[in-house]
Amino acid sequence: MENLLQKLREKGYKMTPQRRAVVTALLECGEFPSAQTILEHVKHTLPDVSLDTIYRNLALLVELGLVQEIHLRGRESNVFELTVTHHHHLVCLSCGKTLCLDHCPIDHRDVAKAAKQGFEIVSHSLEFYGYCRTCRIAG
Ligand SMILES: [Zn+2]
Ligand SMILES: [Zn+2]
Ligand SMILES: [Zn+2]
């Protein structure tokens, strides 16, 4: 939480009650909560908060690299994870199970070369889709 506060401050953002509640929800909801799950959790402390507010705060935290958004293809909503160290995910297309990879397979020099037309990259997202062990056995 301290580290996060510091990063927000560095970028000129304040830790508002909503932001704090969203971060707390991410810490307490267990693995990979959706925005809806985060909303339910935040409502314990901020009963008037809307899903829209949750999305806006999540979007900012993602933009700042403090939270990772994981795109679950073919599912209603994406899920979120606090970024401790930057990494990527394996997503099961059948059950939605999400697993963390322990590193980033992207070569940043290649990306920089590809994007040299005056484009400043601030973040990237990358998911690997397939079928988890359980679904492979069942299928
Ligand atoms: Zn699965
Ligand atoms: Zn992860
Ligand atoms: Zn990466």
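**View 1. Val49 in the loop between H3 and H4.** Val49 is buried, with a relative accessible area of 11% (buried means under 20%, exposed over 50% and partly exposed in between, with a 1.4 Å probe and protein chains only). Not counting residues up to four places away in sequence, Val49 touches Gln18, Leu39, Val42, Lys43 and Ile54, contact meaning heavy atoms within 4.5 Å. Val49 and Gln18 are 31 residues apart in sequence, yet their C-alpha atoms are 7.9 Å apart in space. Helices (H or I, at least four residues) and strands (E, at least two) are DSSP runs numbered from the N terminus. This is a predicted model, in which local features need pLDDT of at least 70 and side-chain atom pairs count only at pLDDT 80 or more, while totals for chains, interfaces and linings use all residues. Residues are numbered from 1 along each chain as its sequence is written, chains are lettered from A and ligands numbered from 1 in the order in which they are written, and side-chain values use heavy atoms, with hydrogens and water left out.

**View 2. Helix H2 (residues 17–28) against helix H4 (residues 51–63).** The two axes come within 10 Å and cross at roughly 80 degrees. That makes H2 roughly perpendicular to H4 (angles under 35 degrees count as roughly parallel, over 145 as roughly antiparallel, 65 to 115 as roughly perpendicular and the rest as oblique). Axes are lines fitted to C-alpha atoms, for helices over the stretch in contact, and angles run from 0 to 180 degrees between N-to-C directions. From H2, Gln18, Arg19, Val22, Val23 and Leu26 meet Thr53, Ile54, Asn57, Leu58, Leu60 and Leu61 of H4. By class, this contact has seven nonpolar, three polar and one charged residues. Ala, Val, Leu, Ile, Met, Phe, Trp, Tyr, Cys and Pro count as nonpolar, Asp, Glu, Lys and Arg as charged, and the others, Gly among them, as polar.

**View 3. Helix H2 against helix H3 (residues 35–42).** Here the axes come within 9 Å and cross at roughly 110 degrees, which makes H2 roughly perpendicular to H3. Ala21, Val22, Ala25, Leu26 and Glu28 in H2 meet Ile38, His41 and Val42 in H3. The contact of H2 with H3 has six nonpolar, one polar and one charged residues.

**View 4. The largest nonpolar core, of 23 residues.** A nonpolar core is a set of buried Ala, Val, Leu, Ile, Met, Phe, Trp, Tyr and Cys residues joined through side-chain atoms within 4.5 Å. Val22, Leu26, Ile38, Val42, Ile54, Leu58 and Leu61 have the most contacts inside this core. Helix H1 (2–10), H2, H3, H4 and strand S2 (79–82) each supply at least two of its residues, and H2 gives the most, with five. Leu58 touches Val22, Leu26, Ala35, Ile38, Val67 and Phe80, not counting residues up to four places away in sequence. Apart from this core lies another, of five residues, among them Phe32, Ile70, Leu72 and Val79.

**View 5. Phe32 in the loop between H2 and H3.** Phi of Phe32 is near 50 degrees, a positive value in a residue other than glycine. Phe32 is buried, with a relative accessible area of 14%.

**View 6. The site of the zinc ion (ligand 2).** The ion is coordinated by Glu81 (OE), Glu81 (OE), His87 (NE2), His89 (NE2) and Cys100 (SG), at 2.0 to 2.6 Å. Donors are N, O and S atoms within 2.8 Å of the metal (3.2 Å for Na, K and Ca); water is not among the atoms, so sites may look incomplete. The donor residues are spaced E-x5-H-x1-H-x10-C in sequence. Glu81 in strand S2 and Cys100 in strand S4 (residues 98–100) are 19 residues apart, a pair that links distant parts of the chain. Glu81 is buried, at 15% relative accessible area, whereas Cys100, at 39%, counts as partly exposed.
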